[in-house]
Amino acid sequence: MKIKFNLILILIFLILLILNVDCKKIKNKKHITPQRLRKFVEHSKPISLNKKVWKITEIENAFSAQIELTFGIKQRNLQELEDFVWRVSDPNDSMYGNYKTFQEVKQWVKPMDESIESVKNWLIENDITEFTVTESGDFIRTTISIDKAERLLSVRYNKMVHKLTKQSFFRSLDPYTVPRELYDHIDFIGGVNHLPLLAPRPKEGGSINGIGYELESLTNNKQIKSFNEKKVAARNGDPYLSPDLIRKEMNVSQTSTNSTHLGNSQAIAQFLKEYFSPSDLKNFQNRFGLKQEPVENIIGPNQNLNPGIETALDIQYIMAMAPNVSTWIVSTGGLHEGQEPFLDWLVDLSSNPNLPLVHSISYGDDESSIGLAYTDRVDTEFKKYAAMGKTIVFSSGDFGVGCNDACDSFSPGWPASSRFVLAIGGVIKKKDGTIIGDEISGGGFSNYFSRPWYQVDECSSYIDWLNGSLSSFYNQSGRGYPDISSFSENVIILYKDKLMPIGGTSASAPIIAGLLSLINDQRLQKNQNPIGFFNPLLYKIARDYPNSFLDIDFGENNYKCCSNGFKSKNGWDPVTGLGLPNFDELVKHCLE
C-alpha cells in the first residue's frame with residue numbers, strides 16, 4: 001500500500017512538472033507546436049545583435065502592440081526570368097530592349113495557386129482573417145498583435161531601440177519557423193528578424209558629416225548659379241557644389257537638359273519619416289536659377305512641415321539634373337515599430353503597374369546582416385523591374401569597405417552589391433581642382449553574389465593589380481561595386497529655407513539618376529526603348545569609349561579598424577567604379 005501511495009505521489013509530481021513547463025512556454029510566448037513539425041525559413045540560429053548600437057527592452061503589452069508581417073510567396077520561372085533579363089540588357093543581343101509589360105511579368109512569375117491558398121489557410125487556422133494579397137500577386141500582408149505573431153512563428157519579440165537615433169522597432173532575435181508543409185511555398189517573412197542600418201540624421205545648420213557649416217554668406221534671396229571657390233568654401237577649403245557647377249564638372253551641356261518626352265519619368269524613395277517640403281524645393285529652384293516645377297506624384301505619407309534632409313537632397317538634385325521630367329516620391333513613413341520600411345517600399349513598387357523609368361534609392365545595409373533567402377527574393381524583384389525596362393540606382397553607402405567586428409575582413413554593403421542595380425560611389429572636388437575618391441565611398445566585393453559577366457575583365461584587372469594584398473579581407477570572385485560615381489561632399493541643399501552643405505553617397509545617387517533620365521529622354525525621342533538595367537551597356541561603353549568617363553586614380557575607402565581600404569587606380573576600382581561620367585560623350589554612345 002505504501003509503494004502504491006508513493007507511485008501516486010510521483011505521478012502527481014510529474015503531472016505538475018509538465019504543467020509548469022507548459023506554463024513557462026505560455027509565459028514566454030513560445031509556440032507549443034513541436035519543432036519537428038516545423039522548419040526554419042531564413043535562419044537556424046539566434047540572430048546576433050550589436051548591443052553597442054541597439055538596446056533590447058520588453059514590449060509593454062503584446063496583445064495591443066501591432067506588427068506588420070509580409071509573406072514573400074515563392075514565384076515560378078525564375079531562371080527563365082534571369083535569362084530574359086540578361087538578354088534584353090545586353091546591347092550585343094538581338095533581344096536588347098525588348099522588355100515585357102507589368103502584366104506579362106506578373107503572369108510569368110506568379111506563384112502557384114496552391115502556394116497562395118496554403119499560406120492563407122494557415123493564417124485563417126491561426127485566427128488571422130484580415131490580410132491582403134498584393135496587386136503583384138506574390139506577397140501577402142497582415143497586421144496582427146505581437147502575441148499572435150509570436151504564436152504563429154514560434155518566436156518571442158522585443159522592442160529594439162537604436163541608441164543614437166532613438167528609433168525603435170518590434171523584432172525577434174529567434175529564428176522563426178513555419179509548418180513543414182509550408183516551407184516550399186514561402187521565400188521569407190518580413191517584420192520578424194531584420195533591423196535596418198540607421199545613420200544619425202544631419203542636424204539643421206550644424207556640421208554635416210563633419211565637413212561643413214551653414215552658409216551664412218548665402219542666406220540672401222539672390223539667385224545663385226555657381227560659387228566662387230575663393231570666397232565661399234568649406235572649412236577645409238574645398239569648393240561648395242551647386243547644380244550648375246556639378247553639370248559643368250560632368251560635362252552636361254544645356255542642350256542635354258532639354259527634356260521634352262512626356263513618357264519620361266523618375267522617382268526617389270524615402271524611409272523613416274523623411275518627408276518632403278514643396279516650399280524648400282521651390283526656393284531651391286529659385287535660388288539656383290532652375291525651372292520652377294513641382295513633384296508630380298507622392299505615394300505614401302507626407303508631412304510638409306516636417307521635412308527630412310535626405311529627402312531635400314534627393315528630390316532637389318534629381319530634379320536639378322533632369323528638369324522637365326515627371327518626378328515621383330515613394331514614401332514609406334516607418335510610422336510605427338511594427339513596420340519594415342525598405343520592404344514596404346519594395347512591395348509597394350512590385351504592385352504598381354505604372355512605375356517611373358528611373359528610381360534613386362539612398363539606402364544600404366551590411367550584406368552580412370541579411371539572410372540569403374531575403375536578399376535572393378529582393379534580387380528577384382530587381383530582375384522583374386529590369387525585365388520591364390526600369391533602372392534601379394542605389395547609393396553605395398558611406399562606410400567605405402566596411403569592417404567586421406574582428407577587424408579581419410571587409411563588410412560589403414547591400415543592396416549596392418546586387419548584380420541587378422547600378423551602384424553609385426562618391427568623389428570629392430578638391431580646392432586645387434582635382435577630383436579624388438571619397439574615403440566614405442562604399443565599395444568592395446560581394447560575399448553573396450558572384451561576379452556578373454559584364455564586369456569580369458574590370459574586376460579581374462583590379463585584383464591582378466592588388467597582387468595578393470588584402471586577399472584575406474574580401475571575396476575575390478564576388479560582384480564588384482560601385483559601378484560609377486558622382487559628388488558626395490559639399491553639395492548644397494536648401495533645408496527649412498536655409499542653404500547648407502551635405503555629404504554622402506546619398507548625394508551621388510540622385511545626381512546620377514537624373515542624368516540617366518536625360519539619357520532616357522533622348523532615347524525616347526528617337527523611338528528607342530529606355531536604358532532599363534544599365535550596367536551591361538555602361539561597362540561596354542567604358543571599354544569601347546573610355547573617354548566617356550573621367551577616370552579617378554586617387555583615393556582610398558578605408559573604414560574604422562580596417563585601416564587599409566581599396567585604393568583608386570586607372571580603370572575600374574572599388575572606390576569610384578568606372579569613374580565620373582563625361583555626360584555629353586556618354587549619352588552619344590547610349591543612342592547608337
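User: What does contact mean here, and which residues of H10 meet H9?

Analyst: Contact means heavy atoms within 4.5 Å, and helices (H or I, at least four residues) are DSSP runs numbered from the N terminus. The model is a predicted one, in which local features need pLDDT of at least 70 and side-chain atom pairs count only at pLDDT 80 or more, while totals for chains, interfaces and linings use all residues. Residues are numbered from 1 along each chain as its sequence is written, and side-chain values use heavy atoms, with hydrogens and water left out. From H9 the partners are Phe342, Leu343, Leu346, Leu349 and Ser350, and the residues of H10 that they meet are Tyr374, Val378, Glu381, Phe382 and Tyr385.

User: At what angle do the axes of H9 and H10 cross?

Analyst: Axes are lines fitted to C-alpha atoms, for helices over the stretch in contact, and angles run from 0 to 180 degrees between N-to-C directions. The axes of H9 (residues 341–350) and H10 (residues 372–387) come within 11 Å, and they cross at roughly 35°.

User: Which helix gives the most to the lining of the largest cavity?

Analyst: A cavity is a set of points on a 1 Å grid over the protein atoms alone where a 1.4 Å probe fits but cannot get out, and lining residues have an atom within 4 Å of a point. The largest cavity has a volume of about 60 Å³, a volume being the space filled by probe spheres set on the points, which are joined across faces, edges and corners. Its lining includes Phe102, Val105 and Lys106, together with Leu349, Ser350, Lys384 and Tyr385. The elements that give two or more residues to this lining are H3 (102–109), H9 and H10, and the one that gives the most, with three residues, is H3.

User: Are H12 and H14 parallel or oblique to each other?

Analyst: H12 (residues 505–525) and H14 (residues 583–590) pack with their axes 10 Å apart and at an angle of about 40°. Angles under 35 degrees count as roughly parallel, over 145 as roughly antiparallel, 65 to 115 as roughly perpendicular and the rest as oblique. H12 and H14 are therefore oblique.

User: Which residues of H14 make the contact with H12?

Analyst: H12 contributes Leu515, Leu518, Ile519, Gln522 and Arg523 to this contact.

Key: 1 Å grid on protein atoms, 1.4 Å probe; cavity = no way out; pocket = protein on both sides within 12 Å on 5 of 7 lines; lining within 4 Å.
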